Structures are given as structure tokens and as C-alpha cells.
Amino acid sequence: MAYEMLEVRTEADKVGVITLNRPKQLNALNEQLMTELGAALQAFDADGNIGCVIITGSEKAFAAGADIGAMAKYSFVDAYKGDYITRNWETIRSIRKPVIAAVSGFALGGGCELAMMCDFIIAADNA
């Protein structure tokens with residue numbers, strides 16, 4: 001799958017690395033990013049060579065929460081019924097391999113929730 005909002009690579013043929021890549025929005029979580037994240041996690045989970053997965057962001061921001069600009073057009077009912085971001089949490093929870101959040105910079109709101117959904121959090125001094 002081609003990813004627009006993620007950089008996905010493999011390190012040492014055993015570690016899947018997913019980097020959130022929305023630098024202008026400080027990696028704010030939107031529908032597309034969360035869908036891509038779920039697909040990348042599932043692909044690494046299905047790969048027998050991968051032993052664990054790391055989710056990271058930039059030095060400035062792991063993820064600055066939900067993308068408020070994208071949410072502005074939704075009413076409360078639309079966001080609630082559509083599970084704007086949270087519908088993808090179950091995908092993260094279903095991954096059988098260890099998922100590590102490598103947190104640097106901001107991890108606000110949904111970004112903090114994303115880190116907490118992982119099995120381990122390794123935080124930099126500036127997190």
C-alpha cells in the first residue's frame with residue numbers, strides 16, 4: 001500500500017518502523033492518517049519476519065492530538081456516530097506483536113492516547 005501520511009520502513013529485517021508524517025500539522029491525527037496507520041500495523045503483523053513495530057513522529061511532535069481543522073465541519077453527533085478517530089483504536093489493539101511508541105516532542109490529546117494504546121512507551125527528554 002502507498003502511504004501519504006506515514007513513512008514506513010523495516011530496520012534490520014525484523015523491526016517495522018512507522019513514522020507519522022504530517023509535519024505542518026504536528027502529526028495531528030485525522031481519518032486518513034489513522035486508516036493508513038491501521039493498514040501499516042496490520043501489514044507488519046502479518047509479516048512473519050517482523051518481531052515488533054515502532055510508531056514514532058518527529059522530534060518536535062509525536063502527535064499533536066486530533067486534527068481540529070478536519071473536525072471543524074463535523075457536528076458533535078457526526079463525530080460521535082462516525083467514531084472520527086477512535087474507530088481505529090481496535091485495529092491497534094488487535095496487533096499481536098509488540099508495538100512501541102517512541103515519543104519525542106508533543107503527545108497531546110489523541111496523540112497521548114495513541115502512545116498509551118501501544119505496549120510500551122519510550123519517551124525522549126523533550127516529550
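The side chains of R96 and D45 form a salt bridge, with N and O 3.3 Å apart; a salt bridge is a side-chain nitrogen of Lys or Arg within 4 Å of a carboxyl oxygen of Asp or Glu. R96 lies in the loop between α4 (89–94) and β5 (99–103) and D45 in helix α1, so the pair ties together parts 51 residues apart in sequence. Helices (H or I, at least four residues) and strands (E, at least two) are DSSP runs, numbered from the N terminus. R96 is exposed at 69% relative accessible area, whereas D45 is buried at 11%. Buried means under 20%, exposed over 50%, and partly exposed in between (1.4 Å probe, protein chains only).

The model is predicted: local features need pLDDT of at least 70, side-chain atom pairs count only at pLDDT 80 or more, and totals for chains, interfaces and linings use all residues. Residues are numbered from 1 along each chain as its sequence is written, and side-chain values use heavy atoms, with hydrogens and water left out.

By the salt-bridge rule the count is four. Among them is D67 with R22, with closest N and O atoms 3.0 Å apart. D67 lies in the loop between β4 (61–63) and α2 (68–71) and R22 in the loop between β2 (15–20) and α1 (31–46), so this pair ties together parts 45 residues apart in sequence. D67 is buried at 12%, and R22 is buried at 9%. R9 also pairs with E11, at 2.7 Å between the closest N and O atoms. R9 is partly exposed at 40%, and E11 is partly exposed at 37%.
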